[in-house]
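Biologist: I am new to this structure and would like to go through it with you. Could you put it up for us?

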Amino acid sequence: ADPTTTGRATVVSRALDRAIQEVLENTVRDYVMSWYKRVGEDESGFKAIVMDEAWVAVQKATQRLKSVDMLKFLTEDLVLKLTIHFSDLKHFDGSTPKQSPLEGSGFRIHPCVDDPAKETE
């Protein structure tokens, strides 16, 4: 559904709201409704509640982002985080066995993270 025709106020801009709506619809369809159908009864009601809550989260994130100094974030904070991340990757040579902090928890890491050859598959 188009957020501009659902009676919902525009959160960011009409075009961006439509894109967000599409992402939310696909996410709910693929990751929420895929399991909810097996356990729930009122699919349309549940989907409406999830979508409404997702839009509340979008509105709150939008309000929060308005208080962020974007120039400082992009030129200092983000650059620093990316520099640290790439530096860590550069220093990791793969020769030492690594153990995931999630190992044994049942959470499986994607194979491309553990095997550089699989990264390009």
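Biologist: Is arginine 29 buried, exposed or partly exposed?

Modeller: Arginine 29 counts as partly exposed, at 46% relative accessibility. Buried means under 20% relative accessible area, exposed over 50%, and partly exposed in between, with a 1.4 Å probe and protein chains only. Please keep in mind that this is a predicted model, in which local features need pLDDT of at least 70 and side-chain atom pairs count only at pLDDT 80 or more, while totals for chains, interfaces and linings use all residues. Residues are numbered from 1 along each chain as its sequence is written, and side-chain values use heavy atoms, with hydrogens and water left out.

Biologist: And which side chain does arginine 29 meet in a salt bridge?

Modeller: The partner is aspartate 30, at 2.7 Å from N to O. A salt bridge here is a side-chain nitrogen of Lys or Arg within 4 Å of a carboxyl oxygen of Asp or Glu. Aspartate 30 is partly exposed, at 38% relative accessibility.

Biologist: How many salt bridges are found in the whole structure?

Modeller: The search finds 2. Lysine 72 and aspartate 77 also meet in a salt bridge through their side chains, at 3.0 Å from N to O. Lysine 72 is partly exposed at 36% relative accessibility, and aspartate 77 is partly exposed at 32%.

Biologist: Let us step back. How many helices and strands does the protein have?

Modeller: There are 5 helices and 0 strands. Along the sequence the pattern reads α-α-α-α-α. Helices (H or I, at least four residues) and strands (E, at least two) are DSSP runs, numbered from the N terminus.

Biologist: What percentage of the residues counts as buried?

Modeller: The figure is 14% of the 121 residues.

Biologist: Which residues make up the largest nonpolar core?

Modeller: That core has 11 residues: Val11, Ile20, Leu24, Val28, Val32, Met33, Tyr36, Met51, Ala54, Trp55 and Val58. H1 and H2 are the elements that give two or more residues to this core, and H1 provides the largest share, 6 residues. A nonpolar core is a set of buried Ala, Val, Leu, Ile, Met, Phe, Trp, Tyr and Cys residues joined through side-chain atoms within 4.5 Å.

Biologist: Take valine 28 from that list. Which residues is valine 28 in contact with, leaving aside neighbours within four places in sequence?

Modeller: Those are Met33, Lys47, Val50 and Met51, where contact means heavy atoms within 4.5 Å. Valine 28 lies in helix H1 and is buried, with a relative accessible area of 4%.

Biologist: What about aspartate 17, buried or exposed?

Modeller: Aspartate 17 is buried, with a relative accessible area of 2%. This residue also lies in helix H1. The C-alpha atoms of aspartate 17 and tryptophan 55 are separated by 9.6 Å, although the two are 38 residues apart along the chain.

Biologist: Now the aromatic rings. How many aromatic pairs are there?

Modeller: The count comes to 3. Rings of Phe, Tyr and Trp (its six-membered ring) pair if their centres lie within 6.5 Å; planes under 30 degrees apart count as stacked, over 60 as edge-to-face and the rest as tilted. One of the pairs is tryptophan 35 with phenylalanine 46, whose ring centres are 6.4 Å apart and whose planes are at 70°, so the pair is edge-to-face. Tryptophan 35 lies in helix H1 (residues 14–39) and phenylalanine 46 in helix H2 (residues 43–66), so this pair ties together parts that are 11 residues apart in sequence.

Biologist: Why is the pair of tyrosine 36 and phenylalanine 46 called stacked?

Modeller: The centres of those two rings are 3.8 Å apart and their planes are at 10°, so the pair is stacked. Tyrosine 36 in helix H1 and phenylalanine 46 in helix H2 are 10 residues apart. Tyrosine 36 is buried, at 14% relative accessibility, whereas phenylalanine 46 is partly exposed, at 22%. Trp35, Tyr36 and Phe46 form one aromatic cluster.

Biologist: Last topic, the surface. Which residues form a nonpolar patch there?

Modeller: The patch is formed by Met70, Phe73, Leu74, Leu78, Leu82, Phe86 and Leu89, with about 620 Å² of accessible area together. Patches are made of residues with over 30% relative accessible area and no salt bridge; like charges are joined within 9 Å, nonpolar side chains (Val, Leu, Ile, Met, Phe, Trp, Tyr) within 5 Å. Accessible areas come from the Shrake-Rupley method with a 1.4 Å probe, and for residues only the protein chains shown count as cover. Phenylalanine 86 lies in helix H3 (residues 70–91) and is exposed, with a relative accessible area of 52%.
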